[in-house]
Amino acid sequence: MLRHRRLRQCAAPWVAAFTALAAPLAVHATEGALGRQVTGTSVQPNAGIVSPEPIWAVNFAEIYLDGKVGGGRDVPLGKRVTADVEGKVAFTLATLLKTWDTGPGRWNFASSITLPYVWTKVNAKVTGPLGRSGGESDTTSNLFDLYFSPIVAGYHFSETSHMALSLNVWAPTGKYDANALANPSLNNWTFIPQVAYTRIFPESGFQLDTVASVQFYTRNSDTDYRNAPIFGVDVMGRKMFSNGLAVGLVLGTQQQLGSDSGPTADRLNGFRGRDWALGPVLTYDRKLADKRSLSLGLRWVPTISSTNRLDSSSTFMASATLVF
């Protein structure tokens, strides 16, 4: 019972981890230079902890990204090939999560669903069917593809060592136009098996959280484009203080495991890419009445290296989680 109570206390803000599952949506070397995860935003505090008690949690997150693929490099956007792509993207994510009453033990389970909204603006040089090129801009805002995690399985090695396994799914529910530069959908199903790990060092007040995943994409039926699998890892280390504040660093990378396929991808030699991001993070946790808790987070994770992905010095994420 003591172990159960301690886990509940340390897991209070854990639900933010599933914004990680829900903090996807970003710019990578896939079709449109857009993939499902923003580098540096997939790891959250207590990412590997699934609460040992049944709880509900509501999370709201905002991700803003402003980047470009410059140097005259071609990028596949819908049915066209573009160059010198500049993109501004703002994602608003609302997540509802439920942990199930599985009783005491090392295993605990949860499920979550995320409703994302996106605003995006794209500027690019577009090459037409006769080889002519010119500048073009496109802006859109709408509901993005639905995101859900049917099952999240958490395992407690000890009071200071935890792991969470999950299968996360993106459904192509957003509107898609293959002739548009900016779209509120990727027009494919994406399946993301993920493992998260949390290690707490109570003597020093230090905590380490890691999330690793692989993204598997189905083919875009409107463009005959299929993104290759992408392997991603985000690591966050934080120093925690008694007043609820914590400061630390986030390091993340996305590495494409193969070449994209399809007529446009073949023309661009597979459009294979990778990137790295590094930046600071600030969090605050506060216990409220009736076993409720509030967690806040703010981070800046600029790109430090990029190939065939949006290179962004302005990647920000803010989140708020209420557990009850």
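**Notebook: salt bridges, cores and surface**

I looked for salt bridges and found that the structure holds two. I note that this is a predicted model.

Entry 1, the Arg-36 pair. I looked up the partner of Arg-36 and found a salt bridge with Asp-145, where the closest N and O atoms are 3.0 Å apart. I placed Arg-36 in strand 2, residues 35-37, and Asp-145 in the loop between strand 6 (133-143) and strand 7 (146-156), so the pair ties together parts that lie 109 residues apart in sequence. I then checked accessibility. Arg-36 has a relative accessible area of 0% and counts as buried. Asp-145 is buried too, with a value of 0%.

I found Arg-219 in a salt bridge with Asp-224, the closest N and O atoms being 3.2 Å apart. Is Arg-219 buried or partly exposed? I read 36% relative accessibility for Arg-219, which counts as partly exposed. For Asp-224 I also read a relative accessible area of 36%, so I logged this residue as partly exposed. As a reminder to myself, side chains of opposite charge can pair when their charged atoms come close.

Entry 3, the chain as a whole. I counted three helices and 16 strands in the protein chain. The chain has 324 residues, and 54% of them count as buried. I took the contacts between residues at least 6 apart in sequence and found that 67% of them join residues at least 24 apart.

Which residues have the most contacts inside the largest nonpolar core? I found Ile-63, Phe-91 and Phe-144, in a core of 23 residues. The elements that give two or more residues to this core are strand 3 (56-77), strand 4 (80-99) and strand 5 (107-127). I also logged a second, separate core of 17 residues; Val-50, Ile-55, Ala-57 and Val-250 are among them.

I looked for nonpolar side chains on the outside and found a patch formed by Trp-56, Leu-96, Ile-113, Leu-288, Leu-322 and Phe-324. Together these residues have about 490 Å² of accessible area. I followed up one of them, Leu-322, and placed it in strand 16, residues 311-323. Leu-322 has a relative accessible area of 31% and is partly exposed.

How values were computed
Residues are numbered from 1 along each chain as its sequence is written. This is a predicted model: local features need pLDDT of at least 70, side-chain atom pairs count only at pLDDT 80 or more; totals for chains, interfaces and linings use all residues. Side-chain values use heavy atoms; hydrogens and water are left out. Helices (H or I, at least four residues) and strands (E, at least two) are DSSP runs, numbered from the N terminus. Buried means under 20% relative accessible area, exposed over 50%, partly exposed in between (1.4 Å probe, protein chains only). Contact means heavy atoms within 4.5 Å. A salt bridge is a side-chain nitrogen of Lys or Arg within 4 Å of a carboxyl oxygen of Asp or Glu. A nonpolar core is a set of buried Ala, Val, Leu, Ile, Met, Phe, Trp, Tyr and Cys residues joined through side-chain atoms within 4.5 Å. Patches are made of residues with over 30% relative accessible area and no salt bridge: like charges are joined within 9 Å, nonpolar side chains (Val, Leu, Ile, Met, Phe, Trp, Tyr) within 5 Å. Accessible areas come from the Shrake-Rupley method with a 1.4 Å probe; for residues, only the protein chains shown count as cover.
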